[in-house]
Amino acid sequence: MKDATFIIFGATGDLTRRKIIPAIYKLVKNKKLRSFRIIGCARSKKNIQTILSQSKKFARDVQASRWRKIVKNSVYQVLDFYKEEDYTQLAVLLGKQQRIFYLATAPEHFHIISKYLAKYKLARKTDNVVYEKPFGHDLYSAKKINKCISTVFNEKQIYRIDHYLGKELVGDITLMRFTNRILEPLWNSKHIAQIQIVMTEDLLVGKRGGFYDKYGVLKDVVQNHALQLLALTAMEAPKMLSGEYIRSEKARVLKRTQVTAALVGQYHGYKSEPGVTKNSTTETFAALQLKINNSRWRGVPFYILAGKALVKKQTSIHIKFKEVHCLLAKSCPSDSNYFTIRIQPDNGFSLELNSKMPGKKQAIIPVNMDFCEKCRFGPNTPEAYETLLEDVLCGDQSVFVRKDEIEYAWKIIDRVRKGKIYSYKKGTGGPPALDAWNKKNGVLWKEVSK
Ligand code: BG6
C-alpha cells in the first residue's frame with residue numbers, strides 16, 4: 001500500500017472524469033492506496049464535487065464508503081498554467097507525501113507547467129510526472145518537449161503515458177511471444193505473410209472536435225497506440241522480459257519502420273461536429289501499409305486500419321501465416337492460418353487452423369482454438385489507467401514510452417504522404433476507395449471471429 005498526492009492538471013477535462021479519477025478510485029478500492037489526496041487544477045472556476053459526481057458513473061460498481069473517501073480527500077484549485085503565483089498557491093496545499101503530477105492537458109502546456117513545477121520545487125526528485133498523450137504534434141514539437149522536460153526532471157521521474165500499454169492483452173504480446181516455443185520460430189518473414197493491426201471505433205469525435213481537428217487519426221491513435229502494438233509485435237527478443245530491454249527493442253524496430261502506402265478518409269458530417277472547422281481536411285480514417293527494414297521482416301507488409309465512425313469498436317492484431325504447399329488432391333485451404341490477438345473487446349487470442357470437415361474425406365475448413373480472458377479469469381481484469389497509475393506509484397517505467405520511441409514514432413507519422421482525403425458514410429467500413437487500395441496493396445482485412 002502506498003501514500004500519494006495526485007495533482008491533476010487539466011482536471012476539468014474528459015480524461016480526468018472518465019479515466020483518471022475512476023482509476024484512483026479502483027486503487028483505493030483494491031487497497032493499493034492507504035492515504036491519498038487528489039488536487040484537481042485547471043483554469044476555470046469549478047467545484048470538485050461537480051467533477052467527482054460526473055466521474056462516479058465511470059468508476060462502475062462504486063461502494064459508497066470508498067467513494068466518500070474520494071470525496072473527502074479531493075480539492076480543486078484554480079490554476080492558470082501561465083501564472084507563476086498560482087503555483088505558489090498550489091505549494092501551500094502539498095504535504096510530505098509522494099507527489100504524482102498528472103499533466104492531462106494539451107501538449108503545448110507541458111513546457112510551462114514542467115518549468116514552474118521545477119522552479120517552485122513542487123516536483124521534488126522523488127516525485128513523478130506523468131505526461132498524457134499526444135506528446136507533441138510532430139517530431140519537432142516532441143523533441144522540444146523532451147528537451148525541456150529533461151532539463152528540469154530526471155528521466156526516472158518522467159512517465160509518458162500510452163494507455164494501450166496498460167491493457168491486459170497488450171501486456172501479453174511480449175509474454176506470449178517469448179514464453180512459447182511454438183510461436184517464436186515462426187515469427188519472421190519465412191513463415192509470416194503479413195500482419196494487420198485493426199483499431200476501429202464506432203464513436204464519432206463527440207465533444208472533442210476542437211482537439212481532434214488539430215490532430216486527426218494518424219496523430220491521435222496511430223502515432224502512439226497502433227505503432228506501439230506494431231513495435232511489440234515486431235521487435236526482436238529482448239535480453240530479458242523487463243522494461244528497459246523491451247523499450248530498447250521497441251525503439252530499434254520503430255527506427256526501421258516506414259509507411260509505404262496510405263489512404264485517408266473523413267466521415268460524412270465531420271465538418272459539422274462542434275469544434276471542427278467548416279473546411280477541415282483532418283482525417284478520421286487511415287489505412288496504412290508499412291515496411292520494416294530488418295532481416296526478420298524484410299518483404300513482410302504490416303497494415304494499420306484505424307478510424308472513427310466505423311462499423312464497430314475493435315482492436316486486434318492478425319498475424320497471417322504463409323500458405324502451405326497444397327498436398328490435397330481437391331480442396332486446398334482457401335486461406336492461410338491466422339493467429340489473432342484480440343486487445344478489445346472480448347480480450348483473448350485465437351489460432352485459426354485448417355481441420356477436416358466432419359463426414360467428408362478430403363474437405364477442410366478453418367476452425368479456431370480460442371482463449372477468452374473473461375471466460376477463463378472472470379470479468380474483473382484491471383482497467384489500463386489503474387494498472388498504469390499503480391506503476392507510477394511503484395516507480396516502474398516498463399510500460400511507459402521512452403523518449404527515443406516517441407521520437408521515432410513521430411518521424412514515421414511526419415513522413416506519411418496523405419494524398420486525397422476520401423469521404424465515407426458513418427457506420428461503414430471506411431471510404432469506398434478502400435477496396436481498390438486494398439487490392440493494390442495486397443490486403444484483405446481479417447474479420448474477427450471466435
Ligand atoms: C485515445 C484517443 O487515446 O484513445 C481517442 O484520443 C480514442 O480518440 C481512444 O477514442 C481509444 O482508446 P480505447 O481504450 O477506448 O480503445
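Author: In this predicted model, a polar side-chain atom of Lys313 lies 2.8 Å from an oxygen atom of the ligand. Lys308 likewise places a polar side-chain atom 2.8 Å from a ligand oxygen, and for His163 the distance from a polar side-chain atom to an oxygen atom of the ligand is again 2.8 Å. On its own the ligand has 400 Å² of accessible area, of which the protein covers 82%.

The residues around the ligand are Lys133, His163, Tyr164, Lys167, Glu201, Arg208, Asp220, Val221, His225, Lys308, Lys313 and Gln344. By class, this shell comprises seven charged, three polar and two nonpolar residues. Tyr164 and Val221 belong to the shell and count as nonpolar. Helix H8 makes the greatest contribution to the shell, with three residues.

The model contains two cavities of 30 Å³ or more, and the largest cavity holds about 100 Å³ of space. Its lining consists of 14 residues, and those closest to the centre are Asp162, Gln223, Asn224, Val401 and Ile406. Two elements give two or more residues to this lining, namely helix H8 (209-234) and helix H12 (403-414). Six residues of the lining of the largest cavity are nonpolar, five are charged and three are polar.

A further region of interest is the second largest pocket, with a volume of about 400 Å³. Of the 20 residues that line this pocket, Leu165, Gly171, Asp172, Thr174 and Val399 lie nearest its centre. At least two lining residues come from each of helix H7 (168-179), helix H9 (243-255) and helix H11 (384-394). Among the contributors to this lining, H7 gives the most, with six residues. The lining of the second largest pocket divides into seven nonpolar, seven polar and six charged residues.

To return to the ligand, its shell includes seven charged residues, and Lys308 and Lys313 each bring a polar side-chain atom to 2.8 Å from a ligand oxygen. Helix H8 gives three residues to that shell and at least two to the lining of the largest cavity.

How values were computed:
Residues numbered from 1 in each chain as written. Predicted model: local features only at pLDDT ≥ 70, side-chain atom pairs only at ≥ 80, totals over all residues. Heavy atoms only, no water. 1 Å grid on protein atoms, 1.4 Å probe; cavity = no way out; pocket = protein on both sides within 12 Å on 5 of 7 lines; lining within 4 Å. Points joined across faces, edges and corners; volume = space filled by probe spheres on them. Helix = DSSP H or I, 4+ residues; strand = E, 2+ residues; numbered from the N terminus. Near = heavy atom within 4 Å. Polar contact = N/O pair within 3.5 Å; in protein donor to acceptor, adjacent residues only side chain to side chain. Areas by Shrake-Rupley, 256 points an atom, 1.4 Å probe, with all protein chains shown as cover.
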